[in-house]
Amino acid sequence: MKKFITVKYQIESDKIERPFTIGMVSDLHNVVFGEKNRNLLKKIREIKPDLLVIPGDLVLGKPDASLKKPEDFLREAVKIAPVFYAPGNHEQRMKLYPKVYGTEYLGYEKRVQRMGVKILENRTETVQIKGQPVAVSGLEIPYEYYLKREKKLEKKDLVKLVGKPDKDCFQILLAHTPKYARTYLEWGGDLIFSGHYHGGMARLPILGGVISPDWRLFPRYCRGEFSQNGGSLIVGAGLGEHTIPVRFLNPRELVVVRCMPKDSQEKGTVK
């Protein structure tokens, strides 16, 4: 049976008045942990998230891949916490190329939205968490940004796609690929979630992740927390894999972030 670990982070912000917890599921790719993902869902219930975010690739973008597994997961996930879901490259290509992948993805998207899942394709929604507003933006970059190795995404491009960050409340950005990590941090959000690189697939001591799915050797932003100008980027190693099913010293991750007021005295365990 496939296993995963829970990785915990804690961040502080002067925009937060009352502590809250975010769970992050990335790159599930149709993988299941127990029947209908009961083991994953059990762990999510245990961490008691106030918000569950999915920065893409819940699905497996292949012509013969079923969408029932991610749909079953979301049906139960929305009973635990509000779910905000930004597309990854697998969702994008299924939607862009129906002649290859069929038209079922459009039905999947409509069904999960009826469940209450908030799908964010270059838009922002504000949610109240413990009486305080939190803005959640979902980035959908043009698909060519995944295909062209040296394609650049500048701050002005990001603003054009998803708008400027909300300066009046805590701002979250869901951005699937960490390839443009520096631009996300420059944009000015408080907390950014990415996945896509699967932790570098294989990891080595000191050197970290070895290779990304787009064949970048030793990618810097493949797993962990990165901070700049008061903002934090958290990149999850993901829970699944697809074409190259390789994980070496690189466990599957459910990410948990405890968001705290600035200079909070609460330390340690995520509650």
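The conversation below takes a few of these terms in turn, for a model that is predicted.

Trainee: Why are α3 and α5 called oblique to each other?

Mentor: Helix α3, residues 89–96, and helix α5, residues 104–115, pack at an angle of about 120°, with their axes 8 Å apart. The range for roughly perpendicular is 65 to 115 degrees and roughly antiparallel needs over 145, so α3 and α5 are oblique to each other.

Trainee: Which residues make the contact of α3 with α5?

Mentor: On the side of α3 the contact is made by Glu-91, Met-94 and Lys-95, and on the side of α5 by Tyr-105, Leu-106 and Glu-109. Sorted by class, this contact has 3 nonpolar and 3 charged residues, with no polar ones.

Trainee: What makes Tyr-105 and Tyr-108 an aromatic pair, and what is the arrangement of their planes?

Mentor: Their rings are 5.4 Å centre to centre, and the cut-off for a pair is within 6.5 Å. The angle between the planes is 45°, while stacked requires under 30 degrees and edge-to-face over 60, so the pair is tilted. Both residues lie in helix α5, 3 residues apart, which is about one turn of the helix.

Trainee: How do you know whether Tyr-105 and Tyr-108 are buried or exposed?

Mentor: Buried means under 20% relative accessible area; Tyr-105 has 4% relative accessibility and therefore counts as buried, and Tyr-108, with a relative accessible area of 0%, is buried as well.

Trainee: What describes the pair formed by Tyr-143 and Tyr-146?

Mentor: This pair is tilted, with 5.9 Å centre to centre and 50° between the planes. Tyr-143 and Tyr-146 are both buried, and together with Tyr-97 they form one aromatic cluster. For the model, the count of aromatic pairs comes to 7.

Trainee: What makes you say that Lys-151 lies over the face of Tyr-145?

Mentor: Lys-151 is at 5.3 Å from the ring centre of Tyr-145, and the distance part of the rule asks for within 6 Å, alongside a limit of 35 degrees from the ring normal.

Trainee: Why is α3 described as mostly covered?

Mentor: Of its 8 residues, 6 are buried, namely Asn-89, His-90, Glu-91, Gln-92, Arg-93 and Met-94. These buried residues of α3 pack against β4 (83–85), α4 (98–101), α5 and α6 (144–147).

Key
Residues are numbered from 1 along each chain as its sequence is written. This is a predicted model: local features need pLDDT of at least 70, side-chain atom pairs count only at pLDDT 80 or more; totals for chains, interfaces and linings use all residues. Side-chain values use heavy atoms; hydrogens and water are left out. Axes are lines fitted to C-alpha atoms, for helices over the stretch in contact, and angles run from 0 to 180 degrees between N-to-C directions. Helices (H or I, at least four residues) and strands (E, at least two) are DSSP runs, numbered from the N terminus. Angles under 35 degrees count as roughly parallel, over 145 as roughly antiparallel, 65 to 115 as roughly perpendicular and the rest as oblique. Contact means heavy atoms within 4.5 Å. Ala, Val, Leu, Ile, Met, Phe, Trp, Tyr, Cys and Pro count as nonpolar, Asp, Glu, Lys and Arg as charged, and the others, Gly among them, as polar. Rings of Phe, Tyr and Trp (its six-membered ring) pair if their centres lie within 6.5 Å; planes under 30 degrees apart count as stacked, over 60 as edge-to-face and the rest as tilted. Buried means under 20% relative accessible area, exposed over 50%, partly exposed in between (1.4 Å probe, protein chains only).
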